[in-house]
Amino acid sequence: MQAVDFQEGKLRLLDQRELPQVVRYLEIGDAEGAAEAIRDMAVRGAPAIGLAAAYAMALAAREATGTADPAATLRTLSDLIAQARPTAINLRHEVERSLGLLTGSPATWYETALGHAEAMKDGQRREDEALAQNALPLFRPGMRVLTHCNTGALATGGLGTAFAAIVLAHRELGLQEVLADETRPRLQGARLTAFELGQAGVPHRVIVDGAAAYCMASGLVDLVIVGADRIGSDGRTANKIGTYGLAVLAKHHGIPFAVVAPRSSCDPLWPGAREVEIEQRDPREVLEVMGQRVASAGSDALNPAFDVTPGELVTAIVREDGLFRPPYAF
Ligand code: MRU
């Protein structure tokens, strides 16, 4: 299943909001629609968001070309795309990279931006293969591995990040089991990771997020491995809400805690020149289950979508250019 594609002038997204029950593709012909699909998480996962943003920039370039002031229109549309979700740095990086390429005549913008997005898509699989290969030394035969959120092909448009590492390790070494956090509130673990692990033939069970401490204390976890939405210069890692708690638990139980992500998820300006914005999402994601209100009427919710794990809790960071140990200096 291809999470992000471009066909006949349209961005084609596998709608991840309905998986695995419904397999449906969205066809999007303008930058506004692409920004909306990213905001509403039809496409999600930092690298896949970056790829979708690169295609969205091609749509923006096409729209801008025919207007009275192409540069101003492009700027407005690129701001809209860049602001669709704030935490995954891949989104901003890809918008900025496309803008940097669109310096010639507006008549060339669409082809240039599209060519860039296509090249990026072609490279994604090789990048993910390198991530998985570089992560292999983290694994031993028969390991029990815990992961969080979704880092599979659906999250990158390639093979995945931490997920690709898990699949390769299972093929090469044989893992005993993967425990997939369900990952409240959007359930990327239960819906997407469990689905992809099943497709890949990796033995797994889904656990509620709150069971991670029990599993570690019971000796059911040898390695925690996750992806990243942004990695700072000192290895601090913004990732799906709940990741920081897992890292603290892993340290307490003496379990290695690894992050696997491409260089495009690294933000050398953070911390210092840039700070990370933690996306705060609609309280209804917490208060409702499958569109049905379950929380008491009148109660509100706090719904941060990400948290930040300090670099000193991360025992390894794997990128396409190698496996790094603390102290990190990216
Ligand atoms: O909010 P999402 O679903 O876009 O979450 C991002 C993620 O998929 C995870 O945080 C993931 O671990 C990093 S992206 C491979």
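Select H93 to start: H93 is buried, at a relative accessible area of 18% (buried means under 20%, exposed over 50% and partly exposed in between, with a 1.4 Å probe and protein chains only). This is a predicted model, in which local features need pLDDT of at least 70 and side-chain atom pairs count only at pLDDT 80 or more, while totals for chains, interfaces and linings use all residues. Residues are numbered from 1 along each chain as its sequence is written, and side-chain values use heavy atoms, leaving out hydrogens and water.

H93 sits in helix α4 (helices are DSSP runs of H or I with at least four residues, numbered from the N terminus). Show S264, C266 and R274 next: H93 is in contact with these residues, its neighbours within four places in sequence set aside (contact means heavy atoms within 4.5 Å).

Now select α3, residues 70-82. Colour P70, L74, L77, S78 and I81, the buried residues of α3. Looking down the axis of α3, they fall within an arc of 100 degrees, so they line one face of the helix (the arc is that of the directions from the helix axis to the C-beta atoms). The buried residues of α3 pack against α1 (31-39), α2 (46-65), α4 (89-101) and α5 (109-135).

Finally, show α2 with α3. Contact between α2 and α3 involves residues including A53, M57 and A60 of α2 and T73, L74 and L77 of α3.

Note on methods: Helices (H or I, at least four residues) and strands (E, at least two) are DSSP runs, numbered from the N terminus. The expected span of a helix is 1.5 Å times one less than its number of residues.
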